[in-house]
Amino acid sequence: PYIEMEKQLYGIWVNKIETESYDFRDDGSVIIVVSGPRGKTYTLNGNYKIVEAERIKMHFANDSMASQMPPRYFKLSISENAFSLTDEPNKKGGPDGPTTKYNRAE
């Protein structure tokens with residue numbers, strides 16, 4: 001039901017300080033690359049699904065590092081050349097977590 005919104009996500013997105021990128025693919029997979037301290041880079045391979053109009057689920061069951069993590073849900077806002085993810089509250093009714101903004105890289 002959210003295929004048009006999903007199509008808007010396809011491609012590579014980078015945060016403002018260029019320490020994190022998301023590569024959303026049309027097969028439902030996502031590759032997240034995070035630049036850590038001392039130039040170390042981490043890559044997470046997962047799957048994503050838009051589950052509501054402004055909500056996305058990411059799961060890393062097949063990733064060697066993150067396979068033990070439960071699925072993560074974020075509030076999603078997307079436009080043509082930018083999108084943002086907001087961490088959902090840890091407990092029901094709690095405040096939202098931080099928001100990270102990303103710009104299209106290609």
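Author: Strands are DSSP runs of E with at least two residues, helices are runs of H or I with at least four, and numbering goes from the N terminus. This is a predicted model, where local features need pLDDT of at least 70 and side-chain atom pairs count only at pLDDT 80 or more, while totals for chains, interfaces and linings use all residues. Residues are numbered from 1 along each chain as its sequence is written, and side-chain values use heavy atoms, with hydrogens and water left out.

Reader: OK. How many strands are in the barrel, and in what order do they run?

Author: Eight, in the order S1-S2-S3-S4-S5-S6-S7-S8, forming a closed barrel with antiparallel pairing. From one strand to the next, the twist averages 35°. That angle is taken between N-to-C directions, from 0 to 180 degrees, with axes as lines fitted to C-alpha atoms (for helices, over the stretch in contact).

Reader: Let's zoom in. How many bridges join S3 to S4?

Author: Seven, between S3 (residues 29-35) and S4 (residues 41-52), which run antiparallel. Valine 33 sits opposite threonine 43 in S4, and serine 29 faces asparagine 47 in S4.

Reader: And what does S4 do on to S5, how many bridges there?

Author: S4 and S5 (residues 55-59) pair in the antiparallel sense over five bridges. Asparagine 47 turns up again here, with histidine 59 as its bridge partner in S5. The two strands are joined by a hairpin through two residues.

Reader: Back to the S3-S4 turn. Which residue there has a positive phi?

Author: Arginine 38. S3 and S4 form a hairpin with five residues between them, and arginine 38 in that turn has a positive phi of about 55°.

Reader: Is arginine 38 buried or exposed?

Author: Exposed, because its relative accessibility is 84%. The cut-offs are under 20% relative accessible area for buried and over 50% for exposed, with partly exposed in between (1.4 Å probe, protein chains only).

Reader: What about glutamate 18, what's its phi?

Author: Near 55°, a positive value in a residue other than glycine. Glutamate 18 is in the loop between S1 (11-15) and S2, and at 63% relative accessibility it counts as exposed.

Reader: Next, serine 21. Where is that one, and why does it count as buried?

Author: Serine 21 is in strand S2 (residues 20-24). It counts as buried because its relative accessible area is 17%.

Reader: What does serine 21 touch?

Author: Leaving out neighbours within four places in sequence, serine 21 is in contact with Trp13, Val14, Ile31, Ile32 and Val33. Contact here means heavy atoms within 4.5 Å.

Reader: Which strand gives the largest share of the lining?

Author: S6 (residues 72-78), with three residues. Among the lining residues are Arg55, Tyr73, Phe74, Glu88 and Gly97.

Reader: What does glutamate 88 touch?

Author: Arg55, Tyr73, Phe74 and Lys75, not counting residues up to four places away in sequence. Glutamate 88 is in the loop between S7 and S8 and is partly exposed, with a relative accessible area of 22%.

Reader: And glycine 97, where's that?

Author: In the loop between S7 (82-87) and S8 (99-104). Glycine 97 touches Thr86 and Asp87, with residues up to four places away left out, and at 26% relative accessibility it counts as partly exposed.

Technical notes. 1 Å grid on protein atoms, 1.4 Å probe; cavity = no way out; pocket = protein on both sides within 12 Å on 5 of 7 lines; lining within 4 Å. Pairing = 2+ DSSP bridges.
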